[in-house]
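Open the model in your viewer and keep the selection panel at hand. We will go from one stop to the next, and at each one you will hear what to select and what is there.

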Amino acid sequence: MSKVVYWVSLSFAFFFLAAPLLIVLPLAFNDSSFLTYPMEGFTFRWFGVFFDTPPWLSSLANSFKVALGTTLAALLIGGLAAMGVMLLGRWGRIVMSALFVSPLVIPSVVLGVAMAYAFGRAGWGGGYLSLVFAHTILAAPLVFLAVTTSLMGLDPELDRAAASMGASRWRRFHTVTLPLAMPGFATGALFAFITSFDEVVVALFLSTPQTQTLPITLFSSLRDRLEPTIVVVALLLSIVSCLFILALNRLQRRGAGR
Amino acid sequence: MTSLEIRKIDKFYGVHQALFDVSLSIGKGEFVTLLGPSGSGKTTLLKILAGFETVSGGEITLDGRNITELKPEARNFGLVFQGYALFPHMTVRENIAYPLKVRRMPRDAVATRVREMLDLVQLARFIDRKPSELSGGQQQRVALARALAFRPDVLLLDEPMSALDKKLRVDLQEELRQIHQTLGTTFINVTHDQEEAMHMSDRIAVMNHGRIEQFDTAFALYRHPGARFVAEFIGKSNIFPGELTREDGGSAIFRAEGMEMRLDAGSRTPGAADLMVRPEDVLLGTAPAAGRVNLPAEVLGSTYSGDRALYALKLASGRALSAYGAARSGVHPEGAQVFASFSPEDATLIG
């Protein structure tokens, strides 16, 4: 029985998740300007197009800028929130955790509209700052959850031991708590980066041609001119995601190894 | 010359009172154990001494200095935890150096002290290992070295052996005892293991329901328990409830079901009293023994352990009695009728 379930879920995962990707990815090397099989020849031409034609590279750079800014801001906000919440009592912890996690359950369309309106009113709509700000709201809960999880796993006696040896609260925090919660921060940072890097909905509302991120460029060129460059972008994004998953995996294994 | 003075400590958790009027005077360099069953308040008292819990009433002084309100980090007390509490991201060296770096000790002095402490616990070759690469016993010794590295005024041990197996426990007890003699630091150990308490401590405070029942040497606790709880908690005991009366001449007579004896009752006032007899003070024979209190009994069963046998007996009154018997020439069979006897000098009045 469990074997049947295993194979059924495996084949579903393959046909609905992996297969569409695997079918489309080889077209990045297709020597034709149409996204069709059979392939007409092997070429790196479309990679050249990606690196030479204007909106692509600049939007990749935009994505990186926004994602890095988001990662930093989310680490700061989510991390501080997680550490603050750990110091609260039971009920305070429940209420504050729910508040900090709440952006995850708000539909991003609603957030997008709200922010486009609010930032427009404030006069800094469309800039990097507005994108970073909006993405931080989406990413901070992920950092919060990752850091909370690793702080909860800490033995409270470690802090007491450090206190008994004369270490002040601040010293205990940065010599014991922080290093041991590091895997949580790293996991949170990765999640924050990915969240921002391939976020479409909110960016659609907020970005201007100058701050257009890669997913938005991808989205609009899907409508304007369907050519293999899109697949090149898809391939590059997939590789970035795979690298991140590998990194996460390593982090988890290091955490478990202790 | 008292070093640590605990005076009239009360501790409330809401309406629940965990400690009642606890007072102890602990001398400098003494090895004291707080012994009691779970829920007796021994761990609460230790946490109060460490500064992790506040008191509801009373005070603690160290060499005359009031430390009741002092934060844990300002007390200069070493602490060894049940779960070792070594820092997993630091090596053995870094763990032991931690309290020294906190105290801004110069680098070479730190290195020397770390070596010194590792030699003390015989773990010098593990200096660059991570705690996860050590066995439980080794980790606890590193924890001990770390807690002693900064020469604390008092070392507090919170059930340090309970996570270790029996053999290791005995070794570590011996080692702790030696380290205590070498350093002369005041040790306060918490345990529910009476054997551990008796092996290591100069004095033992027996705790029950948030109170100190008795604070004395292992010998005094065993031979002259001040309370029924102490008699029953420490070692095996037979307790006979009865009555003490005084004759005109002043000599005391104790009467219980099926027995009557003259004994030295000191200045004890007549009235209801319990008499305690340790099982090793009871002799078993097939005939009454002269000059002793004889009780006819039936053997219910015995546990043979080579050097001796522990008998479960039933007295004529229906009470149970336990007695150790020499087992050199075999044990008394089940159902045998014997005479259990003890000398009044070996019996102790309690309560």
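Two strands count as paired if DSSP finds at least two bridges between them; helices (H or I, at least four residues) and strands (E, at least two) are DSSP runs, numbered from the N terminus. This is a predicted model, in which local features need pLDDT of at least 70 and side-chain atom pairs count only at pLDDT 80 or more, while totals for chains, interfaces and linings use all residues. Residues are numbered from 1 along each chain as its sequence is written, chains are lettered from A and ligands numbered from 1 in the order in which they are written, and side-chain values use heavy atoms, with hydrogens and water left out.

**First stop: a sheet in chain B.** Select β13, β12, β11, β14 and β20 of chain B: in that order, these 5 strands form an open sheet with antiparallel pairing. At its edges are β13 (259-263) and β20 (348-350) of chain B, each pairing on one side only. On average, neighbouring strands here are turned by 40° against each other, direction ignored; the axes behind such angles are lines fitted to C-alpha atoms, for helices over the stretch in contact, and angles run from 0 to 180 degrees between N-to-C directions. Now pick β11 (residues 238-246) and β14 (residues 271-277) of chain B, which are antiparallel and joined by 7 bridges. Opposite B:Glu243 you will find B:Ala272 in β14(B).

**Next: another sheet.** Select β15, β19, β16, β17 and β18 of chain B, 5 strands that form an open antiparallel sheet in this order. Because β15 (283-285) and β18 (320-326) of chain B each have a single partner strand, one side of each is left without a neighbour in the sheet. Between β16 (residues 293-304) and β19 (residues 337-342) of chain B, look for 6 bridges; B:Glu298 has B:Gln337 as its bridge partner in β19(B).

**Then: the nonpolar cores.** A nonpolar core is a set of buried Ala, Val, Leu, Ile, Met, Phe, Trp, Tyr and Cys residues joined through side-chain atoms within 4.5 Å; buried means under 20% relative accessible area, exposed over 50%, partly exposed in between (1.4 Å probe, protein chains only). The largest core has 91 residues, and B:Leu4, B:Ile96, B:Tyr98, B:Leu144, B:Leu156 and B:Ile188 touch the most other members. Helix α4 (residues 136-149) of chain B gives the largest share of this core, 7 residues.

**Last stop: B:Leu221.** Select this residue in helix α7 (residues 218-223) of chain B. Is B:Leu221 buried or exposed? B:Leu221 is buried, with a relative accessible area of 0%.
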